[in-house]
Amino acid sequence: MSINISKNKTPWGTPNDFEGINLNFSAAYNLSSINNFYQALKIEQYSRFTLWSLVFIGITALLFQLILSFYNQDWSFFFVPQLLNIPTALALFSSLYLWAKQKEQQAKDHSLNLLYLNPVWQIENSRKNTATVDIFEIFNLQAKLAWQKASELSLQENLSVPSLNHILSCLLESLDLKEACLRLGINSKDLIKFINKNPTISSRTPELPFISFEIALKLHNKSIDPLMLFCACVKILEENSALSKLFTKLEISQEKWEAVSAWIFTLRILQDDIRLFKKLSKLKPTGDMNVGLTAVPTPFLDRFSTDLTWQARLGRLPISVGRHEDLEELFQLFAQNNKYILIKGEEGTGRSALVNELAFKMETEQVPASLQDKRLVRLEISGILGNPQKSEVILEELLNEAAKSGNIVLVVEDIEQMSKARTISGLSLLELFTDSLQSLSLQAIVTCDPEAYVDFLQKTPNFTQIFTEHELKTLTPDQILLAACVKASLIESHHNCIFLFQAIEKSIALSNELLRGVGQPQKAVQLLTETASKSKSKNKEPILITAEEIEKIISDKTHIPQNTINGDEAQKLLTLEVVLSQSIIGQTQAIKAVCESLKRARSGLASDTRPLASFLFLGPTGVGKTEVAKTLAREYFGKEEFLLRLDMSEFAGGDAMYKLLGAKGEEFDPPLIKHLKNYPYCLLLLDEFEKARTEIHNLFLQILDDGRLTTAKGELISLSHCLIIATSNAGTKNIQDGFKSGKNLEEIKTELFQNALLKTFAPELLNRFDSTVVFSPLSPQDTKAIARLQLKDLQKKLDAKGIKITFTENVIEDIAKNAFDPLLGGRPVRRYIQDHVENFIADLLLNKKLNKGHKGSIDITEDGFKLKSQP
Amino acid sequence: MQNFPLNILSLPVWWYSIGLKIALKNAEQNFSFGVKKSGIILFARHIGEPLYGDYTRTGRIVSFFLRLALTFFKLASISLRGMIILIFLLSYLVILPFSILILVWQFLPAK
């Protein structure tokens, strides 16, 4: 449903067309009309006041007359014309007039609703071609006043149309807008000042009433409120206007304004619903008995169940939104004489919400005939399973009692729990339940998740035959947002806090990405509840919960640093190259490539769903590939425990997939899954990647592309906060030969791709990596630098023991000379230092020649290492 | 109320057209609510069933007569509500001319 507004057809104030109905806007833009409006408003206020005064005076006069008549025992006063009767007669007339006006106003309030809800009304009127809707009449009083005030101010400035500036600032004075601004974290007074300082121009100002009408229809509202008018103003803002730029800077889009409006209106509608519920719930009798007096008390069932209709009446069931369509379908299924219904849906997506909603409807009898005059009773399975010896007997007796009562609709949530419990007869409780339902006259609703349905319910004999399935509809992102907003309002009332809209948005985004288990909106609501309970206000003032608070909680839960969550890690990225260069020798080009790629990936240009970054490190053994990964884990992630190193040669056998993803039904997770669950923000090092099976390579094709994997149990694990580094020795000879012959890096890479790499990896896999980094073989100079670095580590260890030792340049030369091996890279250096230098120092320490407080230097001569002590 | 004098003059027209429609609708809603509250429709649906699940012969006989008595009381309460609503509707029809008449009456010279 949309309104076509064409500029030719919609000059200022002329009728517009909406699906056969003429739309016009009666508020004329001239001072005399505005004065007339104010005058009429004043007259209305005065006349209302006068009429109410008349009513009051009339009632007083009547009371006085009654007292007098009682005293005189003469009741004919009203039929004898006299002065004192005039106020009473006027009061009677006034009250009739006031009643008439109130009813007229109520009818007007509903006109927009009728227009939206009643298509027949639209068609009939369009046939007659007489229907005209005056949009100004649908404006509520605040919107009317704001519009007229803005028009007045604009006319005083001799403007040809009302200025958007004045409209915006007048609207911002209203309570609705103040609430919306608070939710979006804006100070409405500051916004008014900004608007007044920065003129906002739009050629589409005359279209405002029509656009606000369209928004009102979209939000199903009865009238056009200041908020809708404001949303319309935001919609027509020119892109280069100062206000538009301000909203872009604050990241407040027009959609956000509309979403906040929907939140505020939904809360109002819910209040109306609660009032209606209270009125209609009087129709339902209290206790076990039904209106038809056919019910039988159920004392045994009451011990193992909760009466949801009764809980709804007491206001103990949570309010939920977004499941109306599912409820309608459920009603249809019951109306078609289906006795047993299975609600299938992921945990947290609204299965319980739907059942609770049904309880509210049953309490007010707004249900099909087959559900009328009945109670919705939830069976507490834990109570039955808690008596394993008697569970069979208990279940049978419960079902018999429920069937005998005749007014019970039974609810069993998470029915799969029953399939895991065995009875003495060897049957599962679920089989017993299904068998009993076949022979009983009862109505029941059971719930389960899709996985449990396949694993347990489908396999249970007769289950699929007797239960009619209803799969929960997937909520749209807008519906999830609105449901979370409404729930947030309920949390606010319990925890004395106020959620910013951005906090709710953030909770949905982060819980989607990083929290597993339940579905949306439950996941986001749990996060909001946790944040609210941890953000305790120190005084009576409600605490404001921002997106940062949500990030902090999620950071605590997932070990992901807050600056990574909000993308504020610039400093870390800028210094990373320097830090890596200090630890890794001879790989300047490789380090540069890694850092640049990481910067690119984290600057917001890369996809949010893919891993943080992914690299394929190529090069001979011992050149620092693994060391780069370890240093990255330490410097970028903060701790080495964020690193998970998988030796891919272990995934070469037939059980590779099992080792990586686990098996269905197994209780424990394999190392990769366990690590990803505990540390979603991590570095995954896949050593000797080429040795893994092709299936594993194919699995990583998906991981590198989508940033997620599915375990054997069917859990979806996100790797979007994971940095993946695969190392490989493939093409080592090409690299060594290339560097020896003096080719540059690009030439070597091209040759590598053409020869060695395509033989080892599929081209699509190579393309999935953000960057392929080639590590160059080490030179004798690099070996020296590595020796210096490792001797420094040794010095640090001795320092910790209180021994200050230095090494002469001869020692370094000796290590470089003896440990240099172009085939093995830097590894022989470590081994040489260990076998010669460390052994020499160990002897000194054991012979007490090197004690605490000792200072000296170690040199090498023809006889071997020598310690020269210093005073 | 923006054209107060005109509104006063047009009140009788509104009263017997749109106002009457609203009053009839209200009356109908009120009566339906009463019928629903009494549960007579649900009660009638179960007229053949015994009370409180007592399927014995005596239970059935007692239930039948008890249901008849209860149906009578429910019908009586609905009728009473209907009558009250009818009185209100009739009052609606006469109250406007009555209020004008009584106002004019006060200005007539006393006998």
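Where helix α11 of chain A meets helix α13 of chain A, contact (heavy atoms within 4.5 Å) links A:L227, A:M228, A:F230, A:C231, A:V234 and A:K235 of α11(A) with A:Q254, A:W257, A:E258, A:S261, A:I264 and A:F265 of α13(A). These residues divide into eight nonpolar, two polar and two charged, where Ala, Val, Leu, Ile, Met, Phe, Trp, Tyr, Cys and Pro count as nonpolar, Asp, Glu, Lys and Arg as charged, and the others, Gly among them, as polar.

This is a predicted model, in which local features need pLDDT of at least 70 and side-chain atom pairs count only at pLDDT 80 or more, while totals for chains, interfaces and linings use all residues. Residues are numbered from 1 along each chain as its sequence is written, chains are lettered from A and ligands numbered from 1 in the order in which they are written, and side-chain values use heavy atoms, with hydrogens and water left out.

Helix α11(A), residues 226–236, packs with helix α13(A), residues 254–280, at an angle of about 170°, their axes lying 9 Å apart; axes are lines fitted to C-alpha atoms, for helices over the stretch in contact, and angles run from 0 to 180 degrees between N-to-C directions. The two helices α11(A) and α13(A) are therefore roughly antiparallel, the term for angles over 145 degrees.

Elsewhere in chain A, β19, β20 and β21 form an open sheet of three strands in that order, with mixed pairing; strands pair if DSSP finds at least two bridges between them, and helices (H or I, at least four residues) and strands (E, at least two) are DSSP runs numbered from the N terminus. Four bridges join β19(A) to β20(A), residues 855–861, and these two strands run parallel, with A:S857 in β20(A) as the bridge partner of A:T806. Helix α39(A), residues 809–819, lies across β19, β20 and β21 of chain A, at about 45° to β20(A).

Terms used: Parallel < 35°, antiparallel > 145°, perpendicular 65-115°, else oblique.
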